[in-house]
Amino acid sequence: MNVMDPKGKSSPGRAARSPKTTWQKEGGRVNPALLILSMCIVIQSFFIIFSQKSAQKSTHIFGLNHIGNHLDGFARDTNKKALQSQTKTKTISVQEYPYARSVEKTITNPKRYINDFERHEDAIIATKIHGRNNLITLEQSLCLLHYAYNKRVLYNFIIFYTDDLDEKDMIQSRKIVYPANITFVKDSPPLQEVLISLPEERRQNLLTRCLEKNPNITLEDIDWWTYCPNSRINYNWQAEFRAWHIWRNPALAKYKYMLWIDSDGFSTRPWDRDPMAYLINNNLVVFAARFGGGKFGREEEHHRRIFKSFNTTICEAYEDKRVPHVVSKLGGEECFDKKIVNVHGYFYLTNLDFYRSNVVANWVQNWIGDCYLCRNFDDQAAVTVPALILAPQKLWTMDAHNFSLGVFHNCEMDNQKVGGFLNLWKKGHRKLNITINFPEARANCEIKAGS
């Protein structure tokens, strides 16, 4: 019975009265606080029903409702408290991001909140070198990272390499990061063995590109140091490896989170915040140093390969101060002429489960395609594109979240041009008022690289 229905007997000449209910105060007045609470509950219930119907409709936009189902190995994301406690965020409609709801259901939330500089068992640090020619740079980077960050969390390292290293080289690197450990993983057979085993189409495509630079070159002449046509093959290989082959490499299989730093990325001070904890607690798929590592879409073929993989492409991507993530807008052939900014590839953290999922594995294979050792389809776009399409709300940058960690790379630090590393290390930068205050590293690290 409705609580406002009349009860009891009527008196002569007087309307029947209800006995006092929980909605009323003494004297028959309605309790306003409880009435407002009731109205809020009704409105909230209506909103939930409406949202569910809208979400069901929106997942069919661009014919991509199948994408979320292919992100294998994940569970529902229920980690809201960490995000709400660390940033104020604007709710983005599912209509604006048609894949957000599917992905939100499929990315595993962390087992528990972790504090800054608390070690997480599923995390690893990774980098890559070509061979012995990179050892001085590598050891400098490892030492600086150890005193800036890793001595507090002791994450182990995986170092991918292409040319042979001897055990003596490996022992020296391991001493630098001790008591953390380093696993060295060879990432390619000798190049001539690879070339012989390639499918004919890929092998011929490589030779054709090399002939542009060297008209008399034969397949047997090609080595890791050959230019084909405008960059060295060993450099092209690291880009292809990081775009495609790294994600399902057996050495990473037992890890869920990876901190990648280029071997010529140099820490210049102790880190005051923990990017790994931030990635994990906010359940991100990418946490990149910055948004702005060149652009893809310089040629129409870029967008064709994206469209082949996702049945859509990216029309626009940018950072918006009103939200914590990179914003993306999707479309079709009308966007095939758009140039889209990448996340920078020298320093970022990723959720490995996302990048080794079937849908992303299919994407990176399509992205590289038959263009073996081809720089046109690089690792930065390979990382950026699936995040912008499948999980834009989980692609954040350190720039936008006040992470200023002082990592030097290619004459830049904290988005400022600072010149060569050796000069910066010795003298700082007077015009920018930069002084390197890192006494523990100065006492323990041999600084020789970065002229």
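Predicted model: local features only at pLDDT ≥ 70, side-chain atom pairs only at ≥ 80, totals over all residues.

Q: Why is arginine 203 called buried?
A: Arginine 203 has a relative accessibility of 17%. Buried means under 20%, so arginine 203 counts as buried. The residue sits in helix 8, which covers residues 200-213. Beyond four places in sequence, arginine 203 touches Leu195, Ile196, Leu198 and Leu219.

Q: What makes alanine 381 a buried residue?
A: Its relative accessible area is 1%, and the cut-off for buried is under 20%, so alanine 381 is buried. Alanine 381 belongs to helix 14. With neighbours within four places in sequence left aside, alanine 381 has contacts with Phe296, Asn342, Trp363, Trp367 and Pro386.

Q: How far apart are alanine 381 and alanine 243 in sequence and in space?
A: The two are 138 residues apart in sequence, and their C-alpha atoms are 8.0 Å apart. Alanine 243 is one of the buried residues of helix 9.

Q: Why is cysteine 411 called partly exposed?
A: Cysteine 411 has a relative accessibility of 32%. Buried requires under 20% and exposed requires over 50%; the value for cysteine 411 lies in between, so the residue counts as partly exposed.

Q: What makes cysteine 143 and cysteine 445 a disulfide?
A: The S to S distance is 2.0 Å. The rule asks for sulfur atoms within 2.5 Å, so the pair qualifies. The pair links distant parts of the chain, with cysteine 143 in helix 5 and cysteine 445 in the segment after helix 16 (439-444), 302 residues apart. Both cysteine 143 and cysteine 445 are buried.

Q: Why is the disulfide of cysteine 143 and cysteine 445 called left-handed?
A: The torsion about its S-S bond is about -90 degrees, so the disulfide is left-handed.

Q: How do you know that cysteine 315 and cysteine 335 are joined?
A: Their sulfur atoms are 1.9 Å apart, and the limit is within 2.5 Å. The link is right-handed, with 85 degrees about the S-S bond.

Q: Why is the disulfide of cysteine 371 and cysteine 374 called right-handed?
A: The torsion about its S-S bond is about 60 degrees, so this disulfide is right-handed. The sulfur atoms are 2.2 Å apart, and both cysteines are buried.

Q: How many disulfides does the rule give, and in which pattern?
A: The count comes to 4 disulfides. With bonded cysteines numbered along the chain, the pattern is 1-8, 2-3, 4-5, 6-7.

Q: How many cavities of 30 Å³ or more are found, and which residues line the largest?
A: The search of the whole structure finds 1 cavity of that size. The largest cavity holds about 30 Å³ of space. Its lining includes Ile125, Leu138, Phe157 and Ser263. Helix 5 gives the most to this lining, with 4 residues. By type the lining has 7 nonpolar, 3 polar and no charged residues.

Q: Which residues lie nearest the centre of the second largest pocket?
A: They are Tyr235, Gln238, Asp262, Ser263 and Asp264, out of 35 lining residues. The volume of this pocket is about 740 Å³. Helix 9 gives the most to its lining, with 5 residues. The lining divides into 11 nonpolar, 16 polar and 8 charged residues.

Definitions and conventions: Residues numbered from 1 in each chain as written. Heavy atoms only, no water. Helix = DSSP H or I, 4+ residues; strand = E, 2+ residues; numbered from the N terminus. Buried < 20%, exposed > 50% of the residue type's maximum accessible area, 1.4 Å probe, protein only. Contact = heavy atoms within 4.5 Å. 1 Å grid on protein atoms, 1.4 Å probe; cavity = no way out; pocket = protein on both sides within 12 Å on 5 of 7 lines; lining within 4 Å. Points joined across faces, edges and corners; volume = space filled by probe spheres on them. Nonpolar A, V, L, I, M, F, W, Y, C, P; charged D, E, K, R; others polar.
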